[in-house]
Amino acid sequence: MKESAILQCDDVTVEFDGFKAVQGMNLKLEKGELRFLIGPNGAGKTTMLDVICGKVKPSAGRVTFDGKVDITRKKEHQIAELGIGRKFQAPSIFPSMTVAENLEISMRQKRTVFATLFAKMAAEERERIEHQLTMIGLQDKTAWRAGGLSHGEKQWLEIGMMLLQEPEILLLDEPVAGMTDKETEKTGELLHQIARKRSIVVVEHDMEFVRNFASKVTVMHEGRLLKEGSMDEVQRDDRVAEVYLGKRRDADVSRSTA
Amino acid sequence: MRLQKLTPQRLWILLGYTAAAAALFSAPLFVSDFRLNLLAKFLAFAIVALGLDLIWGYTGILSLGHGIFFGLGAYAMAMYLKLEASGGKPPDFMGWSGLKELPLFWQPFQHFGFAVVMGIAIPALLALVLGYFTFRNRIRGVYFTILTQALVIITTTLLVGQQAFTGGTNGVTGYSSLLGFSLGSPDTKRALYLITVVVLISIFVLCRFVIGSRFGKVLRAIRDGENRVRFIGYNPATYQMVVFTLSAAIAGLAGMLFVLHVGIISPSMLGIVPSIEMVLWVAIGGRGTLIGAALGAILMNWAKSEFSTAYPEGWLFFMGALFVVVVVFMPKGVAGLVGQLKFRRKRREPEHERVRNPAV
Amino acid sequence: MKKRLFYQFSLLLVALTLVLAGCGSKNEPVSTKEETPKATEAANTGASTEGEIKVGILHSQSGTMAISEVSVIDAELMAIDEINAAGGVMGKKIVPVIEDGASDWPTFAEKARKLISEDKVATVFGGWTSASRKAMKPVFEELNGLLWYPVQYEGLESSPNIFYTGATTNQQIVPSVTWLLENRGKKFYLLGSDYVFPRTANLVIKEQLKAEGGELVGEEYTPLGHTDYSTLISKIKEAKPDVVYNTLNGDSNVAFFKQLKDAGITAKDITTLSVSVAEEEIRGIGVDVLEGHLAAWNYYQTTDTPANKTFVENYKKKYGAERVTADPIEAGYTAVYLWAAAVEKAGSTEVDKVKEAAKELEWDAPEGKVKIDGATQHIYKTVRIGEVQADGQFKEMWNSGEAVKPDPYLKGYDWAASIQPTE
Amino acid sequence: MEVYLLQLFNGLSISSILLLVALGLAITFGLMKVINMAHGELIMIGAYSTYLTQNLFNDYLPESMFDWYFVLAVPASFVIAFIFGLILEMSLIRFLYGRPLDSLLATWGVGLVLQQLARSIFGAPNVAVTSPSWLDGGMKIMDGTLLPYKRLFIIALVIACLVSMYFYIYRSHEGRRMRAVMQNRDMAACLGVSTRRVDAMTFAIGSGIAGVAGCALTLLGPIGPSLGTYYIVDAFMVVVLGGVGKLVGTVLGATGIGMFNTLFEYWTNASLGKVLVFVCIVAFLQWKPMGLVAMRTRSLD
């Protein structure tokens, strides 16, 4: 086992009432890697992210973080504390709180009751939040209630929240879904910036978007690993083409849950 | 909280609160003893409402069992008062239930200090235990609410059934004095009223501090999306447990004051109906605003004591209808209504509470 | 956020003014503070000036107990009307102030306090459950008020500020147990709702059974509002009692008797004697399931006295032919008359004078001649055991012949020595 | 021996009553996620409907016909409670979808109003319903063991309700639409199902079944304005214990609570028995928060 693997999934299997959403999936993520997870609907991509962030417990297999911690035994908040951040497909921010408050509680900090009860906003912390606000372009809307933001802004806010968490690994589920071209572009830039320091797993449908990044792509199909490699390699693969264009498509659509 | 500049507006608010406090403190000067006693009772209810607002308004946990915590606090105080009245001998109801000796668990309640501590600790502990299991097991929303109802049934049935130890349906009543001061004397009553005002203000300040802190923000985040909070790294169960316990302790404290003003506690005060009524005060006053919750409690009880006698039937119709209208059409209560008016005028922030209402 | 606070605050001020104004409006600003120690005297004189006398009526008009208490209010109002029509008391009109106890004991205490200290009523007629009486008792004692309590209860109480016009244990339970032992059998099954009256009553009955050669074969309590008696009836069947002594309250009676009949047990198999089932309740339970069962009271609608004939006639005329009278209704009615007679005799509505005048006062009540026992402030009452007939009325099976002297602490019974209050 | 047999029957009988009371709730709560605290009052409406039907027969039909009033009372209770439910859904509940806690509070207010309405119309005291003579007595299976016809009738009634509900939900067009809406509201709406209509129908049917329960309860217990309050919490316990969204769960929940209630009550007493049952429910839900029969979903909340 190489030390540099920040995340390693071995033979992960997930079952929902007898239906196997993920079967014996393997995934290895290096430190500082930007990885795309693609595949048709129902391939098990989102479920894979769910497993990594602890939302779903696999029925078999293990997920090792930083070469030592088996996170399948941990609870969600413990995994988050370890340094795995997750952005959901549908923007999930806290709608009744202001943008600034959303960021404030997401910020990396002690998360015990006692600590939060007596927490004072340090100057350094305020700076971090302000920096982040500029980065996600919401500096003019700090006092807005998050629920009042546009869809794209919510997506960014969520990304901003996740970045303030300063995780080792970021899990992004369709970060550009529902964004305008311009917004998508901006998000892409953001991703490039982030990827310099952290490891990222992105689930994405937008192939255009994926192609902009010269990085490794993992293709999943029916809960299994289908192909791993660069975008070019993947696109040349017959099986991948068949999965995306071929006959089985109907079956997948009917099983999709999105 | 950060130190903020003293803008004219903040000054007004500060003045307002001072005036309100001054009005409460000076009430004994121009209100009859009977009315003062009533007001004191309402203020005790306002304290429960504050605690309830912490968990319902800010954390989104609806407890229909706060009557229990209120009642347990009240019983602790009642036990002390009863023993002081009987001079440490077994109280009257033990006699007619065939109990000759003072049960062991009653004995320490002869001490005022012990009773006060227990009046807060017992409800808090019960809430802690219940909260520990339910929140850890992620029982939430409606399920939690229904569980609290089950708890109400368990508690009241036990209190009623163990008549020899608890006074049964009659509850505990017939007190004479508190620490030697006669409860009947108007001076004691005024003093108790003032104590209640002080407690109410302290609890109000405490609640403000809690919701103003980052802890309070996490609570609101839990209300908005409990699961999301997990993935930021907070354990919602701990937070829910702590705030539920705090809320129960506040209710217990209010219960103790209630007994001092009203002179009786019985299982019917712990039942499902009083528990829901407490929620009603908060709903009408405005969940998610402390002042709304407190005012809701005071106003609703005042209205009840004014109108329920003149129109006993009309009152129930009115209360039921009010409940429906407020919950359905004014989810933020009266305080929220005032807020909405303001938004309509200013439109600085978009109004999005409606967005959460998926009836579209 | 700041704006919001501002509005909250204005809301607070408005509301506070409202409440305080509401509180202040009901009384003259100066009076209470200085005069508090003498407040009750002021109340008494206040009550008898201006050509009218205010009296309080404090029963549950809403909530679970309204079922029973509303009829008592009717009877009390009727008595007041009758007295007023006949010229009032001391030439003054009686004006009732009606308050709702709402089946909630703290509310009873609160309203009692209001009646005495705000409305300054001369006396209060009120209460039904033991709990409501216990809640009001400290208030009446503290403010030296006067309460007339019209319902049979568990005894062991005698407050200087309460007159009890319902039966105490030795005027209902004790004689009925003796009668059952002599006429129906020795094996008793005690069934009651889980609250103070049944538990205390059964404590008395158990001692009495021991002393008088009865046998206790079972004792069960069900929560108030319990509606399934199948298991309990199985237990009764197993225990094979001669008598079920029933102290169930309210709705539970309906379920119990309906299900008892379904289980194939009729009045012929096991005698059931109830102490909380009167004419009013029979209508709600249904005569078909109750026929033949027994009850012990001091008064039935069928009680044959001249006073009762007019009482029933007037009651039906006033409130409708389908209405029935019952023991507590009559006791409430009697209470008003007894109070009026005492005031007349005392020539004052002052509590202490009225109490003094009430001693040994006699009156021809619908239930027969009653007399106030000065020592206990209960009244002498005739005990009657009745059987439910097909028309929903009682047929009197037995009566005590003369009015029985009240003995709330059962001092006249050796076996009751252990059932004394500890205080 | 007879006692155990009788107790078994009693347990079954209580289960059947609980099930009848909870069935309507299982629909409104389980399928629509609406916490209808006024469910108890719909039961009360059913009971009063039976009372009215009885009075109609008493007043307008020859005495020989009287016994058959009950045959008419069952559908009458259903229809009247159905109409009440429909009105309730259209005027109030439809604003509350997706806000379960608010629906709980608002319907509690509705319950309060309905209770007071009943009190104003019929008076506070209980009213008497004379059960038809063909339900008097019982089936003797051995000496001292009599199974009352009324209880047998209620068991049969529950089975009938269950079967018809099964056919309605799983075998009819209406039922298919109903399931479609409950499972994926938006998708169903896109496919041309009138979700408004389905919601209203579903809620009304749940209410109608509450009415039937009320009718059945007149055989055993009191009929008064507060009738509903005796059953509402128990009914919720059944649904929650059983697991939301599946009829099987409701059946199991009712059976569990009914049987244990009888058992505990027999061993101890009625108060303690009740406490024990509730403690067991609370404990069980800690272990299985989703109830006996849980539907697993992948959605976040």
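Predicted model: local features only at pLDDT ≥ 70, side-chain atom pairs only at ≥ 80, totals over all residues.
Trainee: What percentage of the residues in chain C is buried?
Mentor: A residue is buried if 20 or more other C-beta atoms, placed from the backbone, lie within 10 Å of its own, exposed if 12 or fewer, and partly exposed in between. Chain C has 423 residues, and the buried share of them is 60%.

Trainee: In which order do the seven strands of the open sheet in chain C run?
Mentor: Two strands pair if DSSP finds at least two bridges between them. The pairing in this sheet is mixed, and the order is S7-S6-S8-S9-S10-S14-S15.

Trainee: Why is one side of strand S7 and of strand S15 of chain C left without a neighbour in the sheet?
Mentor: Strand S7 (215-222) and strand S15 (394-399) of chain C each have a single partner strand. One side of each is therefore left without a neighbour, because both stand at the edges.

Trainee: What angle does helix H9 of chain C make with S7(C)?
Mentor: Helix H9 (residues 230-239) of chain C packs on the sheet, touching strand S6 (187-193), S7 and strand S8 (243-247). Axes are lines fitted to C-alpha atoms, for helices over the stretch in contact, and angles run from 0 to 180 degrees between N-to-C directions. The direction of H9 makes with that of S7(C) an angle of about 175°.

Trainee: Which element gives the largest share of the side of domain 1 of chain C that touches domain 2?
Mentor: An automatic or database domain assignment divides chain C into domain 1 (40-167 + 303-382) and domain 2 (170-302 + 383-418). Residues are in contact if their C-beta atoms, placed from the backbone, lie within 7 Å, and 32 residues of domain 1 of chain C are in contact with 30 residues of domain 2 of chain C. The largest share of the domain 1 side, four residues, comes from S12(C).

Trainee: Which two chains have the most contacts between them?
Mentor: Chain A and chain C do not touch, and their nearest C-alpha atoms are 9 Å apart. Five pairs of chains do touch, and among them the most contacts are between chains B and C.

Trainee: Is Asp70(A) buried or exposed?
Mentor: Asp70(A) lies in strand S5 (residues 69-70) of chain A. Not counting residues up to four places away in sequence, Asp70(A) touches Arg62(A), Val63(A) and Thr64(A). With 10 other C-beta atoms within 10 Å, Asp70(A) is exposed.

Trainee: How far apart are the end C-alpha atoms of residues 266-287 of chain D?
Mentor: An unreviewed UniProt entry annotates several spans of chain D as "transmembrane region", including 266-287. This span is 91% helix and 0% strand, and its end C-alpha atoms lie apart by 26 Å.

Technical notes: Residues numbered from 1 in each chain as written. Chains lettered and ligands numbered in written order. Helix = DSSP H or I, 4+ residues; strand = E, 2+ residues; numbered from the N terminus. UniProt positions renumbered as here; feature names shortened; annotations may be inferred.
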